[in-house]
Amino acid sequence: MDEPVSSECIYNLLPRPEEPPRRRLKYLSKQRKMVQDEWNSKKTSHKTMGLPKVEPPCPKHHLLKHSKEQKLPEKKPYKVPVDGIKTSIPSEKPLMGLQTKKNFIEANIAEVKMSVPKKPVPIYVDTRRGNKNLLEPSGLLPTLLYRKGYGKVPDYIIKRNEEEKKAQEGYDAYVKERIRQGSMKMLSEEERNDVLTGLKQNWEELNREFQGLSILIDTLSKQHHKQNLEAQMKKLEQDINLIERHKFIYIPQH
């Protein structure tokens with residue numbers, strides 16, 4: 001490559017030959033001419049309306065109705081390909097209205113009338129997008145209602161009731177025997193009410209004394225006195241509750 005020469009150099013005064021411009025190389029296919037000739041031949045042959053050598057249709061052969069519909073083949077009589085059997089099915093009607101074969105129309109009507117409608121499968125939806133799940137295995141149905149022993153008293157409860165009944169009968173027999181011997185006495189209704197009234201009066205007196213205690217309990221004697229009153233009141237409450245729960249009360253005789 002020539003080095004650049006400054007404008008003041010004397011060599012710049014000499015004329016230089018002009019270099020021809022460089023052209024970019026282009027790819028040319030070998031089949032270019034063949035493709036062009038083929039395209040021109042097809043294009044020039046179809047410049048008119050339709051192909052020039054096509055004859056117009058005859059008016060006698062116009063399109064008829066149902067001419068393009070698909071036609072089924074003609075039915076042929078059925079022939080049994082076995083020797084010794086009639087070659088065709090008889091088409092005569094039975095005499096006197098008798099029917100020798102099954103009437104499928106009436107049979108289907110009777111079957112539909114006697115059929116039970118199919119029940120839908122119970123499901124439940126647990127999402128807002130409609131996710132469905134079977135309801136039976138989910139545990140939401142009361143399936144225990146259909147158990148074999150549902151609603152019956154369990155055996156252990158029956159056994160316990162029988163034991164309690166026997167124990168009560170034994171106690172009643174013991175009480176009757178003691179009464180007969182004269183060692184026990186049953187309180188009458190008036191005596192029971194008198195005892196209950198006396199216990200309630202004692203409780204009211206203790207409660208009045210308890211309400212009269214001082215607010216400040218700072219000595220040991222005051223604390224013992226308060227605890228003693230609470231214990232006596234609790235014991236009276238238990239006795240009152242015991243007498244109210246039992247109607248018949250027996251006491252030993254000395």
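Reader: What makes Glu 189 and Arg 192 a salt bridge?

Author: In this predicted model, the closest N and O atoms of Glu 189 and Arg 192 are 3.7 Å apart. The cut-off for a side-chain nitrogen of Arg and a carboxyl oxygen of Glu is 4 Å. The value of 3.7 Å is within that cut-off, so the pair is called a salt bridge. Side chains of opposite charge can pair when their charged atoms come close.

Reader: How are Glu 189 and Arg 192 placed in helix H4?

Author: Glu 189 and Arg 192 are three residues apart in H4, which covers residues 189–211, and about one helical turn separates them.

Reader: Why is Arg 192 called buried, and what is Glu 189 called?

Author: Buried means under 20% relative accessible area. Arg 192 has 11%, so the word applies to Arg 192. Glu 189 has 42%, which lies between 20% and 50%, so Glu 189 is partly exposed.

Reader: How many salt bridges does a search of the whole structure find?

Author: The search finds four. One of them joins the side chains of Glu 244 and Lys 200, with N and O 3.5 Å apart.

Reader: What does the pair of Glu 244 and Lys 200 tie together?

Author: Glu 244 lies in helix H5 (residues 220–245) and Lys 200 in helix H4, so the pair ties together parts that are 44 residues apart in sequence. Glu 244 is partly exposed at 42% relative accessibility, and Lys 200 is partly exposed at 37%.

Reader: How do you know that Asp 218 forms a salt bridge with Lys 222?

Author: The closest N and O atoms of Asp 218 and Lys 222 are 3.8 Å apart. That value is within 4 Å, so this pair also counts as a salt bridge.

Reader: Are Asp 218 and Lys 222 exposed or partly exposed?

Author: Exposed means over 50%. Asp 218 has 51%, so Asp 218 is exposed. Lys 222 has 36% and is therefore partly exposed.

Reader: What makes Leu 229 a buried residue?

Author: Leu 229, found in helix H5, has 4% relative accessibility. This is under 20%, so Leu 229 counts as buried.

Reader: Which residues is Leu 229 in contact with, leaving aside its neighbours within four places in sequence?

Author: They are Leu 206, Glu 209, Phe 210 and Leu 213. The C-alpha atoms of Leu 229 and Leu 206 are separated by 6.6 Å, although these residues are 23 apart along the chain.

Reader: Which residues of H4 are buried, and what covers them?

Author: The buried residues of H4 are Arg 192, Leu 196, Leu 199 and Leu 206. Their cover includes H5.

Reader: How does the reach of H4 compare with the span expected at 1.5 Å a residue?

Author: H4 has 23 residues and reaches 33 Å from its first C-alpha to its last. The expected span is 33 Å, and the reach is close to that.

Reader: Why is Leu 14 called exposed?

Author: Leu 14 has 54% relative accessibility, which is over 50%, so Leu 14 counts as exposed. Leu 14 is in the segment before helix H1 (32–45). Together with Ile 10, Tyr 11 and Leu 13, Leu 14 makes a nonpolar surface patch of about 510 Å².

Reader: What is the phi of His 66?

Author: His 66 has a positive phi of about 60° although it is not a glycine. Most residues other than glycine have a negative phi. His 66 lies in the loop between H1 and helix H2 (104–114) and is partly exposed at 47% relative accessibility.

Note on methods. Residues are numbered from 1 along each chain as its sequence is written. This is a predicted model: local features need pLDDT of at least 70, side-chain atom pairs count only at pLDDT 80 or more; totals for chains, interfaces and linings use all residues. Side-chain values use heavy atoms; hydrogens and water are left out. Helices (H or I, at least four residues) and strands (E, at least two) are DSSP runs, numbered from the N terminus. Buried means under 20% relative accessible area, exposed over 50%, partly exposed in between (1.4 Å probe, protein chains only). Contact means heavy atoms within 4.5 Å. Patches are made of residues with over 30% relative accessible area and no salt bridge: like charges are joined within 9 Å, nonpolar side chains (Val, Leu, Ile, Met, Phe, Trp, Tyr) within 5 Å. Accessible areas come from the Shrake-Rupley method with a 1.4 Å probe; for residues, only the protein chains shown count as cover. The expected span of a helix is 1.5 Å times one less than its number of residues.
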